[in-house]
Amino acid sequence: MSGTEALARLAAEPVDHRFKGLPPDADGHTVAELAAQRRNLFTGGFATPVLALSAERLEHNLALMETYATRHGLAFAPHGKTTMAPQLFHRQIERGAWGITLAVPHQVRVARQFGIGRVFLANELVDPAALRWISRELDGDPGFRFICYVDSVRGVELMDAALDGTSRPLDVVVELGAGEGARTGVRTEAECTAVADAVAATRTLRLAGVAGYEGEVPQADPERVHAWLRRLVALAVDFDKAGRFAGLDEIVVSAGGSAWFDAVADVFAEIPELSAPVLKLLRSGAYVSHDDGHYRKVTPFNRVPEEGALEPAFRLWAQVVSRPSPEQAFANAGKRDAAYDLDLPFAQVVRRDGAERPATGVSVTGLSDQHAWLRTTEEADLEVGDWLGLGLSHPCTSFDKWQLIPLVEADGTVVDYIRTFF
């Protein structure tokens with residue numbers, strides 16, 4: 001099935017009880033039919049809690065990162081684990097992305113079902129069943145490009161055993177760890193060489209480059225992150241001088257989360273000429289929706305404001321269901337609906353009788369499974385029945401709580417629905 005056909009099947013899916021927040025009277029309609037109705041989020045029968053994704057801000061963020069990558073000579077494989085939304089994968093590719101980064105085999109299966117032709121797996125893959133499936137995908141589609149990490153000799157041995165007898169070698173990049181106590185990755189250059197030697201000794205794997213994740217640099221600051229990225233580039237240069245990339249059409253050098261991609265752009269601009277063209281692959285993913293908390297604070301655009309600014313595109317709408325005292329209220333959205341692993345949601349606006357105003361004097365102090373605990377000051381004008389618009393922190397734990405997300409224009413018109421697969 002082509003990606004276009006798979007996306008069309010999403011649009012033909014019936015709306016029913018599986019999808020929270022959608023109008024109860026939409027049952028029986030397809031997603032496409034409901035989108036064509038262009039209902040209003042606030043008057044069209046949607047039930048709280050409901051997560052809304054801004055159509056205008058989404059488009060702004062997609063365009064901004066396309067421009068940024070182009071300006072800095074970077075290829076872009078945004079991390080799809082943030083959204084797990086094939087519709088957004090395709091919009092990212094339409095906006096110039098080289099492919100999609102993913103983390104685990106299930107995510108690759110989703111991407112392939114929807115026609116994604118290039119996948120960077122930012123993990124060492126040692127599961128035999130998954131490796132055999134990837135091998136079948138490669139054999140069945142000569143145009144499919146798949147790259148994954150290796151970070152141990154043992155991992156290389158397990159991969160080689162699982163892939164024994166396959167016809168097309170699997171491309172791998174040696175992952176350089178960000179430091180002692182960091183996450184995955186080879187800790188020293190000598191160990192990187194041993195892993196590369198192990199790859200060279202197989203017929204099932206091909207060394208395609210080097211990669212890592214600068215977001216795990218201990219006590220990260222610009223100096224430390226730049227220093228680690230220069231280690232990564234030096235590793236690629238040393239491997240190339242040793243002839244480890246002989247016969248490649250391109251050499252992959254990859255890094256880049258959502259907090260330090262400016263440093264990646266700086267250091268990757270310094271990569272010298274190697275024996276083959278270098279694919280400078282950036283992997284930032286949270287930019288799609290951005291947020292009102294963690295990424296608002298850490299985005300590189302704060303350091304380089306002349307490059308533009310991302311815009312938070314999520315708003316979770318909840319309804320005030322209890323006002324037990326002048327200092328306290330409760331809304332009907334909780335841990336099942338809102339990200340809370342980095343920050344609690346932020347009270348932003350209140351809607352009553354079609355009018356919207358700032359949520360002055362209202363703050364979220366805690367979440368139960370299905371309730372937001374609200375503290376209210378004397379300034380707060382909040383009543384049972386009011387709609388409360390909440391900003392969120394951390395896109396990766398916002399998308400995963402919603403299977404079908406309304407895409408909403410500024411006037412409240414719902415123009416599409418984004419399907420996720422977690």
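In what order do the 8 strands of the open sheet lie, and is their pairing parallel or antiparallel? In this predicted model, the order is 2-9-8-7-6-5-4-3 and the pairing is parallel.

**The open sheet**

**Antiparallel strands around strand 15**

- Strands of a sheet pair through backbone hydrogen bonds, in either a parallel or an antiparallel sense.
- Strand 15 (residues 372-376) runs antiparallel to strand 11 (residues 328-331), to which 4 bridges join it, and A329 is the residue that stands opposite L374 in strand 15.
- Strand 15 also pairs with strand 14 (residues 362-367), again in the antiparallel sense and over 5 bridges; here S363 stands opposite R375, and a hairpin of 4 residues joins strand 14 to strand 15.
- In a regular strand the side chains alternate between the two faces of the sheet.

**Nonpolar cores**

- The largest nonpolar core holds 114 residues, of which F146, L170 and F268 touch the most other members, and helix 9 (residues 222-241) gives the most to this core, with 9 residues.
- Leaving out residues up to four places away in sequence, F146 touches V108, V119, L121, L125, I134, L138, L170 and D171.
- A second, separate core consists of 18 residues, among them V31, L34, A35 and F46.

- An α-helix has 3.6 residues a turn, so residues three or four places apart point the same way.
- The buried residues of helix 3 are A55, L58, N61, L62, L64, M65, Y68 and A69, and the helix is followed by G73, which has a positive phi near 65 degrees.
- R57, which is found in helix 3, is partly exposed, with a relative accessible area of 35%.
- Apart from neighbours within four places in sequence, R57 is in contact with E311, P312 and A313, whereas R57 and T360, 303 residues apart in sequence, are 24 Å apart in space, C-alpha to C-alpha.

**Helix 4 and H90**

- H90 lies in helix 4 (residues 86-94) and counts as buried because its relative accessible area is 19%, which is under the 20% cut-off.
- Residues up to four places away in sequence aside, H90 touches G3, L7, F114 and I116.

**Cysteines**

- The count of disulfides comes to 0, and the sulfur of C148 lies 15 Å from the closest cysteine sulfur, in C192, which is too far for a bond.
- C148 counts as buried at 0% relative accessibility, and C396 is also buried, with a relative accessible area of 11%.

**Backbone features**

- Most residues other than glycine have a negative phi, and most peptide bonds are trans.
- The peptide bond from T48 to P49 is cis, with omega near 0 degrees, and P49 is found in the loop between helix 2 (31-37) and strand 1 (50-54).
- M84 has a positive phi, near 45 degrees, in a residue other than glycine; M84 lies in the loop between strand 2 and helix 4 and is buried, with a relative accessible area of 1%.
- Q219, which is not a glycine either, has a positive phi of about 50 degrees; Q219 is found in the loop between strand 7 and helix 9 and is exposed, with a relative accessible area of 62%.

Technical notes: Residues are numbered from 1 along each chain as its sequence is written. This is a predicted model: local features need pLDDT of at least 70, side-chain atom pairs count only at pLDDT 80 or more; totals for chains, interfaces and linings use all residues. Side-chain values use heavy atoms; hydrogens and water are left out. A nonpolar core is a set of buried Ala, Val, Leu, Ile, Met, Phe, Trp, Tyr and Cys residues joined through side-chain atoms within 4.5 Å. Buried means under 20% relative accessible area, exposed over 50%, partly exposed in between (1.4 Å probe, protein chains only). Helices (H or I, at least four residues) and strands (E, at least two) are DSSP runs, numbered from the N terminus. Contact means heavy atoms within 4.5 Å. Two strands pair if DSSP finds at least two bridges between them. A disulfide is a pair of cysteine sulfur atoms within 2.5 Å.
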